[in-house]
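Subject: Structure for your files

Hello,

Here is the structure I said I would pass on. My notes on it follow below.

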Amino acid sequence: MQIFPNRIVFPAFQTNFATPDGFVTEPLLQMYKKIARGGCGLIIIGCIAVSDCRRSTGVPVMCAGNIRSLELAEKIVSEGRSDLVCIGRSRLADPYFIKKSINGEPVNKCDDCRSCMFFLHGAPSVSCPQNPEL
Ligand SMILES: Cc1cc2nc3c(=O)[nH]c(=O)nc-3n(C[C@H](O)[C@H](O)[C@H](O)COP(=O)(O)O)c2cc1C
Ligand code: SF4
């Protein structure tokens, strides 16, 4: 079974079109529909509630943003809200986040402090207070 129409991904984009609590709006949906129609294999969406996008675009969607536990990731996928999930900063804070979570071991938790977003505050490169090795 072919899941992806092609292997070209549309990445998570900051648009300010979503609602403040992370829901997809009509303008956002229209944008994704055109991108899918234009030939896209997978759309990464920076919102949690992306099930409407899956139905409307006809291509698989991946949600990204503040997914900081495997339980939430599992809930999003099992409720059909998204085909795939993206877990980013939790793995900056702790590269072993997935393995440790599966094994029930404690992890260095991302607390959404945003220091890693060096480009927003003029720092030379990425860093994270939770991860001394970065
Ligand atoms: C330090 C940093 C750099 C990022 N760089 C990119 C990038 O170059 N391109 C991109 O599409 N998204 C980039 N992102 C966004 C992430 O891929 C991801 O969508 C976002 O961090 C939300 O997921 P998270 O809350 O699990 O980190 C970056 C995020 C961070 C924190
Ligand atoms: S710097 Fe802050 S927001 Fe970024 S990964 Fe580390 S704890 Fe999370």
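The largest nonpolar core in this predicted model has 18 residues, and those with the most contacts inside it are Ile43, Ile45, Cys53 and Cys63. A nonpolar core here is a set of buried Ala, Val, Leu, Ile, Met, Phe, Trp, Tyr and Cys residues joined through C-beta atoms within 7 Å. At least two residues of this core come from each of helix H1 (26-37), strand S2 (42-45), S3 and H3. Leaving aside neighbours within four places in sequence, Cys53 is in contact (C-beta atoms, placed from the backbone, within 7 Å) with Val24, Leu29, Tyr32, Ile43, Ile45 and Val61.

On the conventions: this is a predicted model, in which local features need pLDDT of at least 70 and side-chain atom pairs count only at pLDDT 80 or more, while totals for chains, interfaces and linings use all residues. Residues are numbered from 1 along each chain as its sequence is written, and chains are lettered from A and ligands numbered from 1 in the order in which they are written.

The protein has 5 helices and 4 strands, in the order β-α-β-α-β-α-β-α-α from the N terminus. Helices (H or I, at least four residues) and strands (E, at least two) are DSSP runs, numbered from the N terminus. Of the 134 residues, 22% are buried. Buried means that 20 or more other C-beta atoms, placed from the backbone, lie within 10 Å of the residue's own; exposed means 12 or fewer, and partly exposed is in between.

Around ligand 1 there are 15 residues, the closest being Pro11, Ala12, Ala64, Gly88 and Arg89. A residue is counted if its C-beta atom, placed from the backbone, lies within 6 Å of the molecule. This shell divides into 9 nonpolar, 5 polar and 1 charged. Ala, Val, Leu, Ile, Met, Phe, Trp, Tyr, Cys and Pro count as nonpolar, Asp, Glu, Lys and Arg as charged, and the others, Gly among them, as polar. The shell of ligand 2 has 6 nonpolar, 2 polar and 4 charged residues; among them are Arg89, Cys110, Cys113, Arg114, Cys116 and Cys128.

Two backbone angles deserve a mention. Most residues other than glycine have a negative phi. Asn66, not a glycine, has a positive phi of about 60°; Asn66 is in the loop between strand S3 (61-64) and helix H3 (70-78). Arg114, also not a glycine, has a positive phi of about 70° and is in the segment after helix H5 (97-103).

Regards

Methods. Contact = placed C-beta atoms within 7 Å.
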